Amino acid sequence: MATAVDDRPIESDSTFDFDAALNEVAGHLNAQHARLVDLAVAMLADESLWVGEGTHTPELFLAWRTGLAPQRARQIVAIARRADELPDCL
């Protein structure tokens, strides 16, 4: 389920709480990265989700579909591969 995005302009007046806004963004990013790892776990369990013309590795597919840098896609897939080893981290 998608949540609304706060797209209000960043204001530097005295009522703007920078720390609260940054914490909110960090929380959303962390939650979305966790969801991405969950999707990578599913992807690794079912090659039909990612194998196709031009996609030879799950890392390549993930980078292509999400716009992640190749190194970051490799990190996400590496975490997904260790999901059984690191259940508390997921």
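**View 1. Helices H1 and H2 make a right-handed crossing, the near helix being turned clockwise from the far one by less than a right angle.** This is a predicted model, in which local features need pLDDT of at least 70 and side-chain atom pairs count only at pLDDT 80 or more, while totals for chains, interfaces and linings use all residues. Residues are numbered from 1 along each chain as its sequence is written, and side-chain values use heavy atoms, with hydrogens and water left out. Helix H1 (residues 18-45) packs against H2 at an angle of about 135°, and their axes lie 11 Å apart. On the H1 side, Leu 36, Met 43 and Leu 44 make the contact, and on the H2 side Pro 58, Phe 61, Leu 62 and Thr 66 (heavy atoms within 4.5 Å).

**View 2. H1 and H3 also cross in a right-handed way.** The axes of H1 and helix H3 (residues 70-81) come within 8 Å and cross at roughly 70°, so the two helices H1 and H3 are roughly perpendicular to each other. Residues of H1 including His 33, Val 37 and Ala 40 take part in this meeting, and among their counterparts in H3 are Arg 72, Ile 76 and Ala 80.

**View 3. Glu 59 sits in helix H2 (residues 58-66).** With a relative accessible area of 16%, Glu 59 is buried (under 20%, with a 1.4 Å probe). Leaving aside residues up to four places away in sequence, Glu 59 touches Ala 73, Arg 74, Val 77 and Arg 81.

Definitions and conventions. Helices (H or I, at least four residues) and strands (E, at least two) are DSSP runs, numbered from the N terminus. Buried means under 20% relative accessible area, exposed over 50%, partly exposed in between (1.4 Å probe, protein chains only). Axes are lines fitted to C-alpha atoms, for helices over the stretch in contact, and angles run from 0 to 180 degrees between N-to-C directions. Angles under 35 degrees count as roughly parallel, over 145 as roughly antiparallel, 65 to 115 as roughly perpendicular and the rest as oblique.
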